[in-house]
Amino acid sequence: MNILVAGVGYVGTTTALLLAELGWNVIGFDTDKSKVSTLSSGTLPFYEPGLDKLLHTQLNKGNIRFISDPVQAIQESQVIFICVGTPSQEDGSADLQYIRSAVTMIGTYMQEYKLLIMKSTVPVGTQNLVTQWISEAQKSPLPFDVVSNPEFLREGNAVYDAFHPDRIVIGTDSSAAAQQVRMLYRDIDSPYLVTTPATAEMIKYAANAFLATKISYMNELARLCDQLNVSITDIAAGIGYDARIGKSFLQAGIGYGGSCFPKDVKSLLHIANNHGSSLGLLQQVVQVNETQHQYFMEQIKAHLGIIDKKVIAVLGLAFKPGTDDLREAPSLKLITQLLKDGALIQVHDPVARLPEAARQAHVRQVKSVKDAIHGADAVVICTEWPEYAAEAWQDLAYEMRNTAVFDGRNMLDGTQMKAWGYHYYGIGNG
C-alpha cells in the first residue's frame, strides 16, 4: 500500500519518515519543487534533531520518495495524510486555503476510494468542509473517508514523539476507517482514543491552549515574585511535585512562541467568539504572552539606563532549543525593541539564523558566544540552549565591558554568576 503525505513541512516530513520507518511505501508531495528537490537529495529544509538520519536511511532503503506531480501522487496512493499549513489570519482565524487546495486536487484526480487523514491543525467542523470540498471537486461520485488524526509533536523532540506518542487520537464516525488508521500505526505502542471528528479537532486546540495557559500563568506570577523578592524557580519546583500539576511548562521566561501555541490559542478564541462564547482565561493568556517581553525589556532598561549606543549580546534566536524555528520568537521582539532604543546587537544561536528582515547595520550574527559578548555592555539570554549553560562563564566576564546578564529563561545559577562578578538578573527571582 502506498501512503501519500501532502505537504512536507515540519509535520509532514516527520509523519512521512515515521510511516516509512514503520515499513510503508511513502510518497511525499509538495507543490514547492525546491523543497521536493532538497528532500530528494537527502537534505532537510529545516532543523530537527535526528530527522536527517531517518531521511538518509529511508531514502537509501527506497521506502520514501518526494514528488511534485499531484496526479501521480494521488492516483498511486490509497491513503493520504493532509499536513499542509493553517496559518493565522488577521482576525486570529485559521487560514484554510491550503487545506482546500489540497483536498480539491484529491477530489479532482482520485479514481478510487481514498482514506484521507487530517494531520493539520484545523478548526472544529473542518472535517465537514473537507468532505464537501472533495465531493464538489469530483467528476463523478467516488467513496472516501475523512479522519481527523491530530499531531502532538514537539519541535526539537519530534522524532521521539513520533515513535513514542502519549496518545493517538482518531476522529471518525466510521469504525472501518478507524481500524484502517490503527493498522497504519500497528507497531506503535500507544493509547488510542476514537472520537467524533469534531472532538478530535477540539482536542488538539484544547491541549495547546492548556499548555500555553500554564506558561502564561507562571510568567504572570513571576512578575509578582519580583515584587515580593521570592523565587519563581523554587515555586515551580515546589508545585511541580504535585502530580495534579506536573513539572512541565512551569518555567517562567519571556513568553512562548513557535508555530503552534500563538496560532492555535488565537484560533480557539476566534472559534469561541463565532459561537457567542467568551474564553476570558485564554484572552488573558494571550495578553500576558504579548507583554512578557515588554516586561523583560523594562527590567533591562531599569538596570542599564540609557540603551543608546550600548552593545547588547543576544544569546538565542529560536523560540526554543532544538529547533531553528523563529516564528513568533520572543528574541526577535526584543531585538526590535533594543534597536528602537539605539542598541548595537551581537547575536549568537547554534542553529537559527537571523531573518532577512532583521539584518541591518546595527545587528550582526557571530559564530561563538565569546564573539557575541566581546565588548558587550550586557548579555540577554533568549533561548535556553544547553550550550549556554555549559559555557565557562567564570572566564567570560573578562570579555565584557560591563558584566550585566539578563537571563530571560532563568537557565543559569544566579548565585554562582554573582560570585563570578556578574550583575545577574532573571525573571521572577526577586
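Which helix do the buried residues of helix 10 pack against? The buried residues of helix 10 pack against helix 9, residues 197-228. The structure described here is a predicted model.

## Helix 10 and its two faces

Helix 10 covers residues 232-240, and its buried residues are Ile232, Ala236 and Gly240. Viewed down the axis of helix 10, these buried residues fall within an arc of 70°, so they line one face of the helix. An α-helix has 3.6 residues a turn, so residues three or four places apart point the same way. The face of helix 10 turned away from the buried side carries Asp234 and Gly238, which are exposed.

The N-terminal end of helix 10 is capped by Ser231. A side-chain oxygen of Ser231 lies 3.3 Å from the backbone nitrogen of Thr233.

## Helix 9

Helix 9, the packing partner of helix 10's buried residues, has 32 residues. From its first C-alpha to its last, helix 9 reaches 47 Å, which is close to the 46 Å expected at 1.5 Å a residue. Just after helix 9, Asn229 takes a positive phi of about 60°.

## Aromatic pairs

A search of the whole structure finds five aromatic pairs. One of them joins Tyr10 and Phe46 in an edge-to-face arrangement, with 5.9 Å from centre to centre and 65° between the planes. Tyr10 belongs to helix 1 (residues 10-21), whereas Phe46 is in the loop between helix 2 (33-40) and helix 3 (51-61), so the pair ties together parts that are 36 residues apart in sequence. Both partners are buried: Tyr10 has a relative accessibility of 13%, and Phe46 has a relative accessible area of 15%.

Another edge-to-face pair is formed by Tyr256 and Phe261, at 5.9 Å centre to centre and with 80° between the planes. Tyr256 and Phe261 are both buried. Ring pairs also bring in Phe249, so that Phe249, Tyr256 and Phe261 are linked into a cluster.

## Arginines over rings

Which ring does the charged end of Arg167 sit over? The ring is that of Phe152, and the charged end of Arg167 is 3.6 Å from its centre. Arg182 lies over the face of Tyr192, at 4.0 Å from the ring centre.

Lys309 is found in the loop between helix 12 (280-304) and strand 9 (311-315). With a relative accessibility of 56%, Lys309 counts as exposed. Although Lys309 is not a glycine, its phi is positive, at about 70°. Not counting residues up to four places away in sequence, Lys309 touches Gly342, Leu344 and Arg401. Lys309 and Asp187 are 122 residues apart along the chain, and their C-alpha atoms are separated by 58 Å.

Glu328 is another residue other than glycine with a positive phi, in this case near 60°. Glu328 is placed in the loop between strand 9 and helix 13 (330-340). Is Glu328 buried, partly exposed or exposed? Its relative accessibility is 40%, so Glu328 counts as partly exposed.

## Gln346 in strand 10

Gln346 lies in strand 10, which spans residues 344-348. The relative accessibility of Gln346 is 9%; because buried means under 20%, Gln346 counts as buried.

Terms used:
Residues numbered from 1 in each chain as written. Heavy atoms only, no water. Phe/Tyr/Trp six-rings, centres within 6.5 Å; stacked < 30°, edge-to-face > 60°. Helix = DSSP H or I, 4+ residues; strand = E, 2+ residues; numbered from the N terminus. Buried < 20%, exposed > 50% of the residue type's maximum accessible area, 1.4 Å probe, protein only. Lys NZ or Arg CZ within 6 Å of the ring centre and 35° of its normal. Arc of directions from axis to C-beta. Contact = heavy atoms within 4.5 Å. Polar contact = N/O pair within 3.5 Å; in protein donor to acceptor, adjacent residues only side chain to side chain. Expected span 1.5 Å × (residues − 1).
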